[in-house]
Amino acid sequence: MAKKVGSIFLVCCATLLNACNPVVQENHEVTNPNIRVFFTPSTECERNIVQEIEKAHKIRAAVYSITNQSIYNALVKAHNRGVDIKIVTDRTQSKGKGSLVGNLKKAGIPVLTNHKHKIEHNKFAVFDDSMVVTGSYNWTTNASKYNSENCVFFDQMADKYSHRFEYLWNMYQ
């Protein structure tokens with residue numbers, strides 16, 4: 001059953017990418033006017049997340065783990081320039097070695113950890129209620145340097161991700 005579900009998932013992903021008429025470039029970026037896809041190990045996910053943070057006025061992120069210094073620095077700079085930021089994350093990971101969650105809280109960024117689910121395993125952010133990043137990419141140094149992960153940026157369905165974020169935020173308060 002799990003193998004069949006996995007196969008169906010892969011077919012759906014391939015269908016979505018083919019429907020968007022993607023072009024694969026040398027840096028492994030799949031491009032479309034409204035969709036950007038990146039794979040690790042590389043700094044492409046990290047770099048593009050930082051770019052979205054730098055231009056955003058509002059950020060809502062639900063992420064499993066945060067250990068990436070570049071993303072952390074961008075979030076703190078954004079907060080210091082008045083960006084409206086809220087983050088939900090996993091309570092166990094937030095206490096782990098290298099976690100920057102405590103530092104985000106000390107910087108004044110509102111962060112809530114899950115206490116209703118076994119783990120908070122989401123990996124998405126919504127920038128200005130319009131741009132979404134999601135995928136397997138954890139906001140960690142290991143994700144950029146060593147892991148085989150992906151991130152997808154798109155400007156559709158941001159309202160669904162925003163609603164999910166608000167649901168989680170309200171649940172974890």
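At 29% relative accessibility, E166 counts as partly exposed, a class that lies between buried (under 20% relative accessible area) and exposed (over 50%), as computed with a 1.4 Å probe on protein chains only. The structure is a predicted model, in which local features need pLDDT of at least 70 and side-chain atom pairs count only at pLDDT 80 or more, whereas totals for chains, interfaces and linings use all residues. Residues are numbered from 1 along each chain as its sequence is written, and side-chain values use heavy atoms, with hydrogens and water left out.

The pLDDT, which is the predictor's confidence in each residue on a scale from 0 to 100, has a mean of 87 over the protein chain, and 81% of the residues reach 70 or more. Over residues 4-26, however, pLDDT stays under 50, and for this segment the model has 14 contacts beyond four places in sequence, a contact being heavy atoms within 4.5 Å. Where pLDDT is low, the predicted coordinates should not be read in detail.

Six salt bridges are present in the structure, each defined as a side-chain nitrogen of Lys or Arg within 4 Å of a carboxyl oxygen of Asp or Glu. Among them is the pair formed by E166 and R60, whose closest N and O atoms are 3.6 Å apart. Because E166 belongs to helix 7 (residues 158-172) and R60 to strand 4, this pair ties together parts that are 106 residues apart in sequence; helices (H or I, at least four residues) and strands (E, at least two) are DSSP runs, numbered from the N terminus. In contrast to the partly exposed E166, R60 counts as buried, with 6% relative accessibility.

Strand 4 (residues 58-63) also holds K58, which forms a salt bridge with D129 at a distance of 3.1 Å between the closest N and O atoms. This pair links distant parts of the chain, since D129 is placed in the loop between strand 7 (123-127) and strand 8 (131-134), 71 residues apart from K58. Both partners count as partly exposed, K58 at 24% relative accessibility and D129 at 42%.

A further salt bridge, with an N to O distance of 3.5 Å, joins the side chains of E52 and K55. These two residues lie in helix 2 (residues 44-55), three residues apart, which is about one turn of the helix. E52 counts as buried at 5% relative accessibility, while K55, at 54%, counts as exposed. Through salt bridges that share partners, E52 and K55 are joined with R36 into one network.
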